[in-house]
Amino acid sequence: MTKEKSFVYSCLLFTLVSEMLLSPFYPQLFSQYFRVDGVEATSLFIVCCRLVVIVMTPLWAVASRKWGFKRLVTGALVVMAGCKLLLPSVDTFTQFLAVSLLLLFFQSIIYLLYPTIVASSRSDQEKVRATTTYLFVFHGSVIVSGIVGSFLISHPLPLDIYYLFACIDLLLAVVSCFIIWHQPSPSEEKGKRAVLYKEGKRQGEFFIYLFVVFFFYIGHHTIRPYFTAFLEADYTVSEQEMSLLYVMPSLTAVVLQFMMPKRILHSHVKGLLIGLTVVTAGLLLVQAAVESYLVFIIIRIAYSLCFFISLAAMDIFFFRSGIGERSPLLYSVVSSVQNAALLFAPTAAFLAIQSSSMKGPFLLGGFLLIGAAVCMCLLFIKSLTPVYQLRKGVNRREYL
């Protein structure tokens with residue numbers, strides 16, 4: 001692994017861990033530490049944070065073309081360190097919210113490290129490796145933050161941990177000064193954008209892909225907010241078992257990183273994406289119907305396997321398509337759509353529960369994933385049409 005990639009994955013790892021460290025315990029943190037209504041404060045906090053990321057990620061992508069990605073990342077790390085130094089000193093929920101939003105304002109550019117490192121990969125095999133490595137880092141962060149956060153929440157001063165993360169950000173900022181970024185020159189990037197916008201076909205594909213992303217992510221995440229409540233209502237399980245089943249997709253991702261043959265994603269990405277999306281939709285619908293706890297566990301494991309592979313296939317398809325190759329920073333728009341899906345998922349889950357009991361989110365998630373699969377079929381048919389026309393002898397200018 002190159003120094004550049006090591007830096008990127010280190011940056012993403014510590015950023016994701018620090019962000020998710022206390023997130024499962026926000027209600028307890030806000031109630032005990034700031035003496036406010038934990039449930040109400042958590043909803044407000046999550047909505048505000050999501051909105052900042054949705055808005056700022058594409059704006060940072062535009063700014064990076066003007067001022068340089070390396071310079072912005074270094075500056076953002078320094079400001080992030082300052083925000084994390086402030087967090088332990090806040091006394092009220094309002095102050096905590098304000099500092100957190102300022103932190104996310106600058107932290108949003110760190111999320112662009114992932115598409116940048118994938119786009120710099122020279123071959124499809126390297127793109128697959130970069131994508132699966134990122135998913136390994138992401139899901140590893142979920143597991144680490146969940147375990148560490150469970151101990152921190154019982155500490156009298158849980159926010160003091162951010163002093164450590166502030167020091168790490170400062171160290172990363174220093175290291176970033178010595179990293180050589182392999183990015184296209186401004187003239188090359190300008191030429192790629194010009195070609196992209198001349199091809200209206202690519203824009204159409206991109207919008208369909210955004211619909212795929214939205215349905216895919218909201219379909220998978222509608223089951224998350226009330227997953228443990230569903231288990232409590234339908235089965236007799238301990239808190240440890242509920243926690244294990246909740247993080248099952250992340251545990252599966254870590255295991256598959258070492259066991260899954262990467263050539264499968266390299267050569268069959270479209271078929272895998274459609275097939276596994278349909279399968280996961282079916283598994284969500286079945287999870288809502290089974291009564292046996294053992295059968296539910298087996299289905300949950302199968303769902304986790306399919307979810308991780310389809311998640312990797314989503315990004316690999318983007319970076320191997322004409323859109324991702326020509327303008328990789330368009331992934332910032334994809335990231336904003338992902339966050340929009342995560343923003344609407346809890347509300348969708350709540351409405352589903354009101355209409356169909358605790359099984360509602362599973363049913364809704366299954367139908368949303370079927371919608372994602374339909375959009376995938378439209379996307380792949382649209383992307384194959386020009387190729388078919390070229391093979392039949394149609395001149396390129398006739399369909400552009």
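This is a predicted model: local features need pLDDT of at least 70, side-chain atom pairs count only at pLDDT 80 or more; totals for chains, interfaces and linings use all residues.
Visitor: How is the packing of two helices described?

Guide: Two packed helices are described by the angle between their axes and by the distance between those axes. In this structure, helix α7, residues 124–152, packs against helix α13, residues 248–259, at an angle of about 140 degrees, and their axes are 8 Å apart.

Visitor: Which term describes how α7 and α13 lie to each other?

Guide: Roughly antiparallel would require an angle over 145 degrees. The angle here is about 140 degrees, and α7 and α13 are therefore oblique to each other. The crossing of α7 past α13 is left-handed.

Visitor: Which residues of α7 and α13 meet?

Guide: From α7 come Thr132, Thr133, Phe136, His139, Gly140, Val142 and Ile143, and these meet Pro249, Ser250, Leu251, Ala253, Val254, Gln257 and Phe258 of α13. Sorted by class, this contact of α7 with α13 comprises eight nonpolar and six polar residues, with no charged residues.

Visitor: What are the angle and axis separation for α16 and α18?

Guide: Helix α16, residues 293–320, packs with α18 at an angle of about 150 degrees, the axes being 12 Å apart. The two helices, α16 and α18, are therefore roughly antiparallel to each other, and their crossing is right-handed. On the α16 side the contact is made by Asp315, Phe318 and Phe319, and on the α18 side by Tyr331, Val334 and Gln338. The contact of α16 with α18 has four nonpolar residues, one polar and one charged.

Visitor: Where does Val333 lie, and which residues does Val333 contact beyond its neighbours within four places in sequence?

Guide: Val333 belongs to helix α18, which spans residues 331–356. Apart from neighbours within four places in sequence, Val333 is in contact with Phe206 and Leu210. Although Val333 and Leu210 are 123 residues apart along the chain, their C-alpha atoms are separated by 8.4 Å. With a relative accessibility of 27%, Val333 counts as partly exposed.

Visitor: How many disulfides does the structure hold?

Guide: A disulfide is a covalent bond between the sulfur atoms of two cysteines. The structure holds zero disulfides. Cys377, for example, is in no disulfide, and the nearest cysteine sulfur, which belongs to Cys375, is 9.2 Å away. A disulfide would need the pair of sulfur atoms within 2.5 Å.

Visitor: What are the relative accessible areas of Cys377 and Cys177?

Guide: Cys377 has a relative accessible area of 34% and is partly exposed. Cys177 is partly exposed, at 45%.

Notes. Residues are numbered from 1 along each chain as its sequence is written. Side-chain values use heavy atoms; hydrogens and water are left out. Axes are lines fitted to C-alpha atoms, for helices over the stretch in contact, and angles run from 0 to 180 degrees between N-to-C directions. Helices (H or I, at least four residues) and strands (E, at least two) are DSSP runs, numbered from the N terminus. Angles under 35 degrees count as roughly parallel, over 145 as roughly antiparallel, 65 to 115 as roughly perpendicular and the rest as oblique. A crossing is left-handed if the near helix is turned anticlockwise from the far one by less than a right angle, and right-handed if clockwise. Contact means heavy atoms within 4.5 Å. Ala, Val, Leu, Ile, Met, Phe, Trp, Tyr, Cys and Pro count as nonpolar, Asp, Glu, Lys and Arg as charged, and the others, Gly among them, as polar. Buried means under 20% relative accessible area, exposed over 50%, partly exposed in between (1.4 Å probe, protein chains only).
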